[in-house]
Amino acid sequence: MGMPKKFGMFVHWGLYALTGYHEQVRWRFHTPRELYRSLMDKFNPVDYDPDEWVKLAKDAGMEYICITTKHHDGFCMFDTKYTDFNIMNTPFGRDILKELADACERGGIALSLYYSNPDWNCPFGYNSASSHQMPSPGDEEDTEKYRAFVKNQLRELLTNYGRIYTLFWDIPTNIADPSMNEFVRSLQPDILINDRGWGDKGDFSTPERHVPDGTKFERYTEACQSVGRQSWGYCADEDYYTKRFLTAGIDKIRVMDGSYLLNVGPMPNGRIPKRAQDIIRSIGSWYNNVKEAFDAEPCLLLEDKSLLTTQRGDTLYVHIPKPLDVCGLTLKPLDVMPKSVTLLNDGRALKYAVTTRPEDKDWQTHIMRRQTLHVFNIPAEDFPSETLVLKIELDNEKIKI
Ligand code: FHN
């Protein structure tokens, strides 16, 4: 049984968007802290419209939005009393997170929070036990003081913005402190917490930018990926992934009963890049057409290992992540005559038969080998860039192999 919400939109947004390069731009360019902080004076996303973000996500079949409240650079996209390095001290001067939380409430979509353990702005945030650190001259490692700082910010985040679905800690601290997640749960008892916090494996695993092998996840799992390869934050020259690549990954994660968090990086003006919006809409159209195939158990391993299958009662779903070279498919060793075969990608009915194909005839003995279910005229060329999913309805047959 997977996580309650299956598909979400990840949002990496902060001062780094101004550079159009990468969310870790400060680290990559070794930018001194004060110079980077001066970006605050330029951040004024006047076109920010969280209702537009919520609509984009909901129309795509997404059930939650997870936003970076604070990335490694330490800049806070929310009104916090514990550092001046926050959105209220920019020309924009409004609480981005509060406006998103309100839009999520209006739109009936859940809100999740990303919080970075590394904090490059905090003079006592350096953690020699972890990665992604960027101390500045004069900083002093003080884990106790930083832990208190984090708890103070968590209290703000988990008190002031309504119900929070998940907490996405980022970059494990490698410091074992169960009190941190206990503190989180004391403020939001129903929250789900990931495995990147303070020495705690949390409620769910977080494979990132890859699809694990296997047939079904053994624990709650939220896989995350971005619409582009270069960056999670806004990148002006992004290498966007193809629809085929993204739908194949989403399909496999969802077949394994994982959830999928697909990321966009909004621009400095607050709008999600058009290309990213187009990808979310296109992926969403596919997802809405095929998602019933994920409300099913992974099952039946067909001889063709490139095909995935899921089953719910008398309904079998065949997932075809790779491009078809031919428009027919023999589903060995399936030899059950179905009531119907449908292509979920557009709902059309497909011709099928249980038949012996020429390659199944033993020409020496002319003995027909086993009959199998064959599906004809699959319109593979009408869907060159998305994972195809067949829905096969059987007659009170439980598929057993
Ligand atoms: O270093 C970060 C990275 O910038 C991005 O936020 C990803 C998203 O999960 N997390 C870390 C890399 O694993």
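View 1. An oxygen atom of the ligand lies 3.4 Å from an N or O atom in the side chain of H132. The side chain of Y114 likewise places a polar atom 3.5 Å from a ligand oxygen atom, and a polar side-chain atom of D170 is found 2.6 Å from a nitrogen atom of the ligand. Polar contacts are pairs of N or O atoms within 3.5 Å; within protein, one atom must be able to donate a hydrogen and the other to accept it, and residues adjacent in sequence count only if both atoms are side-chain atoms. The ligand taken alone exposes 330 Å², and the protein buries 90% of that (accessible areas by the Shrake-Rupley method with a 1.4 Å probe; for residues, only the protein chains shown count as cover).

The model is predicted: local features need pLDDT of at least 70 and side-chain atom pairs pLDDT 80 or more, whereas totals for chains, interfaces and linings use all residues. Residues are numbered from 1 along each chain as its sequence is written, and side-chain values use heavy atoms, with hydrogens and water left out.

**View 2. The shell of residues around the ligand.** Around the ligand stand 14 residues, of which H12, E23, Q24, H72 and D170 come nearest (a residue is near if one of its heavy atoms lies within 4 Å). Five residues of this shell are nonpolar, five polar and four charged (Ala, Val, Leu, Ile, Met, Phe, Trp, Tyr, Cys and Pro are nonpolar; Asp, Glu, Lys and Arg are charged; the others, Gly among them, are polar).

View 3. Four salt bridges are counted between the domains (a side-chain nitrogen of Lys or Arg within 4 Å of a carboxyl oxygen of Asp or Glu). K243 forms a salt bridge with E386, with 2.8 Å between the closest N and O atoms.
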